[in-house]
Amino acid sequence: MEIKDVKLAEAQGPVLDAIRQAIYEHGVALFRGQDDFTPEAHIAFARRWGGIDINNYFPLTADHPEIAVVRKRADQVTNIGGGWHTDHSYDQVPAMGSILVARTLPPSGGDTLWAHMGAAYDALPDTLKQEIEGLEAYHTADHIYEEGGLYAQTDMGRDLRGQSITTGATHPVVIRHPQTGRKLLYVNSAFTINIVGRSREDSLPLLQRLYDAATAADNTCRVAWEPGSVAIWDNRTTWHLAMNDYQGHAREMHRITLTGEPLAA
Ligand code: SIN
């Protein structure tokens, strides 16, 4: 959904509460024309929202370590976030959400897509809902960030001291949104490895049925970025994917990740 007539740099009190509630329910909100949303305003807004999770994988801006740079240089082929995922599902306490600001855009392309995990769960056949009731799944990012992994070509995968990082967490396959109580599908094709108690091979057919349902065309929305665009999303409620269709051009976004809370069924 697009929210108009709000200046994020000044939003607080009841305006901020209304934005929060809209994002909890709809999953993602887009704000255009936020030309005064400087890095300082970005950080101040995130602090008014709640805690900031410093991302261990992303290069951070030197002056503003709260901000992770989601960058693709003109000479890079792989982008960050080019497959469907939800940020930080490999953490014991996954991030609540993210605030993404467009800083450098390619002449065309580079859109971002989101899918709603509440609608995805609701649309599952009852038999499939019963099949996944009570299941848990294991998530990690090690296969992506490790030496030679998907992000080997990007600036990511090592912590700020240059050490490699390992991750891993178990979460229910279906969680309840901590604020709205809505049931949400909480597995994703980037970070979910297996259903707990089953091998990856045995888990994949079931996971794939869930992934197919999650990305049904009527369950996704797409944002074409403009200078001054800001998107805020709820990581529990949504998956997202950054299109990689602008080879030869640079794209740079600034992301602040908001602290979440433990997830439960
Ligand atoms: C991300 O996965 O957080 C980045 C999304 C984007 O660059 O559009």
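A cavity here is a set of grid points where a 1.4 Å probe fits but cannot get out, and its volume is the space filled by probe spheres set on those points. Keep in mind that this is a predicted model. With that in hand, the topics below cover the cavity and then the nonpolar cores.

**The cavity**
- How many cavities of 30 Å³ or more turn up in a search of the whole structure? The search finds 1.
- The largest cavity holds about 40 Å³ of space.
- Around the largest cavity you'll find Val 70, Arg 71 and Lys 72, along with Asn 79, Ile 80, Tyr 246 and Arg 251.
- Strand β3 (residues 68-72) gives the largest share of that lining, with 3 residues.
- Sorted by class, the lining has 3 charged, 3 nonpolar and 1 polar residues.

- In soluble globular proteins, nonpolar side chains tend to be buried together.
- In this model, the largest nonpolar core has 27 residues, and Met 117, Ile 132, Val 173, Leu 185, Val 187 and Leu 210 have the most contacts inside it.
- Several elements supply at least two residues each to this core, including β5 (112-116), α3 (117-122), α4 (126-132) and β13 (238-242).
- Helix α6 gives the most to this core, with 5 residues.
- Apart from this core lies another, of 26 residues, with Ile 3, Leu 8, Tyr 24 and Met 96 among them.

**A closer look at Met 117**
- Leaving out residues up to four places away in sequence, Met 117 touches Lys 183, Leu 184, Leu 185, Ala 214, Arg 236, Thr 237, Thr 238 and Trp 239.

Notes:
Residues are numbered from 1 along each chain as its sequence is written. This is a predicted model: local features need pLDDT of at least 70, side-chain atom pairs count only at pLDDT 80 or more; totals for chains, interfaces and linings use all residues. Side-chain values use heavy atoms; hydrogens and water are left out. On a 1 Å grid over the protein atoms alone, a cavity is a set of points where a 1.4 Å probe fits but cannot get out, and a pocket is an open set with protein on both sides within 12 Å along at least five of seven lines; lining residues have an atom within 4 Å of a point. Helices (H or I, at least four residues) and strands (E, at least two) are DSSP runs, numbered from the N terminus. Ala, Val, Leu, Ile, Met, Phe, Trp, Tyr, Cys and Pro count as nonpolar, Asp, Glu, Lys and Arg as charged, and the others, Gly among them, as polar. A nonpolar core is a set of buried Ala, Val, Leu, Ile, Met, Phe, Trp, Tyr and Cys residues joined through side-chain atoms within 4.5 Å. Buried means under 20% relative accessible area, exposed over 50%, partly exposed in between (1.4 Å probe, protein chains only). Contact means heavy atoms within 4.5 Å.
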